[in-house]
Amino acid sequence: MNNSKTRAYAELTAGVEQLPDGPQVGAMFDFDGTIIAGYSATPLLRMQMKRGELTREQLLRTVGAMARFGLGNSSFSTLMMASVQYLEGIEESDYEALGETLFEKALAKLIYPEARALIEAHQRKGHTVAIISSALPYQVLPAARSLGIEHVHCSRLRVVDGVFTGEVEPPVCFGEGKLAAARKLARKHGVHLRQSCFYSDSDDDLILLEKVGHPRPVNPNRGLGRIARERDWPVQRFTSRGRPRASEWMRSLLATGAIFSSAASALPIWALTGSKRQGQNFSSSLFADVASALIGLRLNVRGEENLWQQRPAVFVFNHQSKADLIIIARLLRRNFTGVARKHAGGLPLFEKAMDLSGVLLIDLEQPRETVAALRELGERIVNEGISVAIAPEGTRSTSKQPGEFRKGAFQVAMAAGVPIVPIVIHNAMDVSPKGDFIYHPATVEVDVLPPVATSGWTRASMAQEIAAIRGSFEKTLGL
């Protein structure tokens with residue numbers, strides 16, 4: 001099952017597939033400009049300003065140091081020292097927490113799907129995958145965990161008794177420092193550099209690119225692009241992330257607005273037929289098709305027959321993206337209702353559109369309201385014969401690893417006596433990762449697993465049954 005999700009990137013990963021299997025092959029990745037679009041220092045500086053840890057004057061000095069480095073008028077070590085001196089006296093634990101926020105709010109949406117596909121291709125081959133970056137661990141480590149990368153070598157700050165001293169721990173992971181990190185990785189894990197790949201966007205990394213057997217320029221700057229042409233190195237350019245074009249903004253706005261126009265379309269159907277359900281069926285199908293066309297969403301579905309084998313049913317899916325709403329509507333088409341989280345304050349127009357479309361909004365902060373809503377869902381399954389689609393994680397993930405599954409969806413299925421049908425979505429983050437307003441064109445791989453009967457479940461066995469279903473998601477995702 002693991003190879004199914006690579007079809008959309010088969011051409012990109014073809015070179016990886018030709019490499020030998022085994023941990024002796026290293027797959028080393030730069031971070032900024034290679035795994036993510038742009039530079040992680042920029043949103044970090046913004047967060048430091050917001051937290052009051054960097055004054056406007058200090059920000060200007062830092063930006064000036066970055067400019068001097070970019071022009072070749074200072075070393076990277078000088079840039080690092082200028083950038084971190086203001087952290088003196090701050091506890092490192094604060095920045096570890098800041099790193100998690102930085103990733104969730106800013107960096108997760110910048111990860112190139114192409115980079116993720118390459119990383120996963122190397123992981124499937126059993127290669128030793130590592131990030132070797134001049135950035136700080138607070139910028140890199142959360143992304144590495146999300147991508148399942150165990151080995152991270154980066155620049156580090158000096159910490160005494162858990163507090164930053166305002167100094168850099170030598171050597172910085174830049175130039176010779178990156179080569180030293182690669183050699184350390186090789187010694188410790190039996191990696192052969194001449195069999196290995198290094199992916200980078202900058203000629204600053206030339207010293208390491210020259211030492212590996214498979215140099216891989218990615219989104220190369222002018223200097224590296226020239227060197228790659230001279231040496232006939234294969235160049236890969238990722239275009240799925242970065243500054244959105246006006247057309248992408250327009251498509252995303254229209255796709256977002258499609259939920260309102262589609263919901264309104266249910267009214268005349270309801271009026272003409274006298275059936276609210278027919279109106280909702282028309283509305284959900286129209287929304288799925290219009291939104292998909294606007295954003296360029298394509299689906300590659302395996303096990304499609306399982307969508308119709310037993311209905312009504314409770315369909316559970318892993319939640320990676322706001323595009324999941326479109327994907328589920330595309331798959332289920334008719335005679336189903338969804339569940340969405342009601343947020344504090346709410347958006348009355350959005351909530352009205354959800355209601356017209358048959359989606360039930362639940363405030364997870366109100367346990368009694370949640371229990372009552374789930375009871376209502378069970379009754380509608382029995383009385384109306386409709387199916388239900390629920391994301392048991394309750395919120396979107398920033399990685400392919402499913403979060404904890406809550407019991408609600410499974411309790412509804414057991415109470416109504418209907419099966420659970422797992423819908424495994426592989427790469428909806430390619431379309432719109434958490435925190436990103438823009439929808440990106442992509443092909444999403446989906447596996448619909450066979451229905452799981454709940455007739456023999458008991459309260460005592462429920463935790464074990466849920467764990468087994470969550471395990472089937474992990475297995476299908478190749479985790």
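Biologist: Which helix gives the most to the positive patch?

Modeller: Helix α8, residues 176–189, gives the most, with four residues. Helices are DSSP runs of H or I with at least four residues, strands are runs of E with at least two, and both are numbered from the N terminus. This is a predicted model, in which local features need pLDDT of at least 70 and side-chain atom pairs count only at pLDDT 80 or more, while totals for chains, interfaces and linings use all residues. Residues are numbered from 1 along each chain as its sequence is written, and side-chain values use heavy atoms, with hydrogens and water left out.

Biologist: What makes up the positive surface patch?

Modeller: Arg156, Arg183, Lys184, Arg187, Lys188, Arg194 and Lys211 form the patch. Patch residues have over 30% relative accessible area and no salt bridge; like charges are joined within 9 Å, and nonpolar side chains (Val, Leu, Ile, Met, Phe, Trp, Tyr) within 5 Å. Lys and Arg count as positive, Asp and Glu as negative, with His and the chain ends not counted. Each charge is placed at NZ of Lys, CZ of Arg, CG of Asp or CD of Glu.

Biologist: Why is Arg187 called exposed?

Modeller: Arg187, a residue of helix α8, has 65% relative accessibility and therefore counts as exposed. The classes are buried under 20% relative accessible area, exposed over 50% and partly exposed in between, with a 1.4 Å probe and protein chains only.

Biologist: Why is Thr13 called buried?

Modeller: Thr13 has 3% relative accessibility, which is under the cut-off, so Thr13 counts as buried. The residue lies in helix α1, residues 10–17. Residues up to four places away in sequence aside, Thr13 touches Ala117, Leu118 and Ala121; contact means heavy atoms within 4.5 Å.

Biologist: Why does Phe287 count as buried?

Modeller: The relative accessible area of Phe287 is 8%, so Phe287 is buried. Phe287 sits in helix α12, residues 276–295. Beyond its neighbours within four places in sequence, the contacts of Phe287 include Ala255, Ile259, Leu325 and Ala329. Between Phe287 and Ala255 there are 32 residues of sequence separation and 8.6 Å of space, C-alpha to C-alpha.

Biologist: How do you know that Lys178 forms a salt bridge with Asp205?

Modeller: The closest N and O atoms of Lys178 and Asp205 are 3.0 Å apart. A salt bridge needs a side-chain nitrogen of Lys or Arg within 4 Å of a carboxyl oxygen of Asp or Glu, so the pair qualifies. The pair links distant parts of the chain: Lys178 is in helix α8 and Asp205 in the loop between β6 (197–200) and α9 (206–209), 27 residues apart. Lys178 and Asp205 are both buried.

Biologist: What makes Glu210 and Arg231 a salt bridge?

Modeller: Their side chains meet at 2.8 Å, N to O. This pair too links distant parts of the chain, with Glu210 in the loop between α9 and β7 (214–217) and Arg231 in helix α10 (residues 222–231), 21 residues apart. Glu210 has 37% relative accessibility and so counts as partly exposed. Arg231, at 39%, also counts as partly exposed.

Biologist: Where are Arg302 and Glu445, and how many residues apart are they?

Modeller: The side chains of Arg302 and Glu445 meet in a salt bridge at 2.7 Å, N to O. Arg302 is in strand β8 (residues 297–302) and Glu445 in strand β14 (residues 442–448), 143 residues apart, so the pair links distant parts of the chain. Arg302 and Glu445 are both buried. Elsewhere, salt bridges that share partners join Asp30, Lys178 and Asp205 into one network. In total, the structure holds 18 salt bridges.

Biologist: What share of the residues of the protein chain counts as buried?

Modeller: Of its 479 residues, 52% count as buried. The chain has 17 helices and 14 strands.

Key
Accessible areas come from the Shrake-Rupley method with a 1.4 Å probe; for residues, only the protein chains shown count as cover.
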